[in-house]
Amino acid sequence: MKFSQIVQAYKDKGLPEREALLLIAKVLGKKKEYVIAHFYDECPEEFLESVITLFEKRLTGYPLQYIIGEVEFYGRTFYIEEGVLIPRWETEGLVELSLEYIRKYKLRKVLDIGVGSGVIAITIALECTNDKELSALGVEVFGTDVNEKAIALARKNAMRYSIKCDFRLGEYAEPFKDDWDSIDIIVSNPPYVRKGTQLQKELEFEPQEALFGGEDGLEFYKEFFKRYETSGKIVIMEIGEDQGEKLKALTGGEVLKDLAGKDRYLIVNKRG
Ligand code: SAM
Ligand code: GLN
């Protein structure tokens, strides 16, 4: 059977062609471009079963990124694996806002709480290193996560880009308690989905503790602002679309919208 024929058969079952190309490339151990160039070639017999298996797996809702083992974020490719949350496009906005604040206030020490795959922390570190003005600041990036697998993956991603980030296992800012006073900006995309929310099928394959933020989805924020004195610091966090008003009331911060026009970013500026 030709690659084109298998892809067409699965397109009819609802698998997008672009995804099918990436899955074939994964099985062959080649780039997607190879599959494009050889689309009308016969699929070698020994690969056929694996291709079909991956196509079927994907049709169950198992995320493409977990199968491929990679994800795009802020123009770069990062490793991703089951057990760690797949980065979302909204989070690119969180990184952008953080960079704007780092630039504006010449901030030096950045803490990312709940690093997951490390994309926020690593992107900030890389952007700060590559930018002429920002590199002069000597920005240092720290990160924590309660998930051991996430910390290991974040370290692997930092190595992929040869960038120094200090990632430690632990909750909130606890692993960097002794450095708390010197931290200038706290960035986080915490779990914020309300308990009991019905998730789309893809999300069921993701770590639930990375998504659910307790009864009202606000547990992380409440605990963070209760535990830590944030005077003199800037806190930028991603939030759920219906949490803006409550979080403004809780923190006195401001809320910005994402591309879809939904409340998404909480900014608490205690620097004045
Ligand atoms: N920053 C990554 C991203 O944007 O793709 C992952 C975000 S995911 C929504 C939330 C992450 O926070 C998960 O990796 C989870 O393990 C971690 N986490 C949850 N509660 C935490 C806590 N109290 N302290 C540190 N990390 C926490
Ligand atoms: N925006 C994510 C979703 O897909 C939730 C991420 C989070 O809880 N931080 O629902």
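Predicted model: local features only at pLDDT ≥ 70, side-chain atom pairs only at ≥ 80, totals over all residues.
View 1. Helices (H or I, at least four residues) and strands (E, at least two) are DSSP runs, numbered from the N terminus. Along its principal axes, the C-alpha trace spans about 65 × 45 × 35 Å.

**View 2. The packing of helix H1 (residues 3–12) with helix H4 (residues 45–59).** The two helices pack at an angle of about 20 degrees with their axes 11 Å apart, which makes H1 roughly parallel to H4 (angles under 35 degrees). Axes are lines fitted to C-alpha atoms over the stretch in contact, and angles run from 0 to 180 degrees between N-to-C directions.

**View 3. The residues in contact between H1 and H4.** Ile6, Val7 and Tyr10 of H1 meet Leu48, Val51, Ile52, Phe55, Glu56 and Leu59 of H4 (contact means heavy atoms within 4.5 Å). By class, this contact has 8 nonpolar, no polar and 1 charged residues, where Ala, Val, Leu, Ile, Met, Phe, Trp, Tyr, Cys and Pro count as nonpolar, Asp, Glu, Lys and Arg as charged, and the others, Gly among them, as polar.

**View 4. Residues 99–196, annotated in UniProt as "domain: Methyltransferase small".** The annotation comes from an unreviewed entry, and such annotations may be inferred rather than shown by experiment. The end C-alpha atoms of this span lie 34 Å apart, and the span is 37% helix and 19% strand.

Residues are numbered from 1 along each chain as its sequence is written, and chains are lettered from A and ligands numbered from 1 in the order in which they are written. Local features need pLDDT of at least 70, side-chain atom pairs count only at pLDDT 80 or more, and totals for chains, interfaces and linings use all residues, while side-chain values use heavy atoms, with hydrogens and water left out.

Conventions: Parallel < 35°, antiparallel > 145°, perpendicular 65-115°, else oblique.
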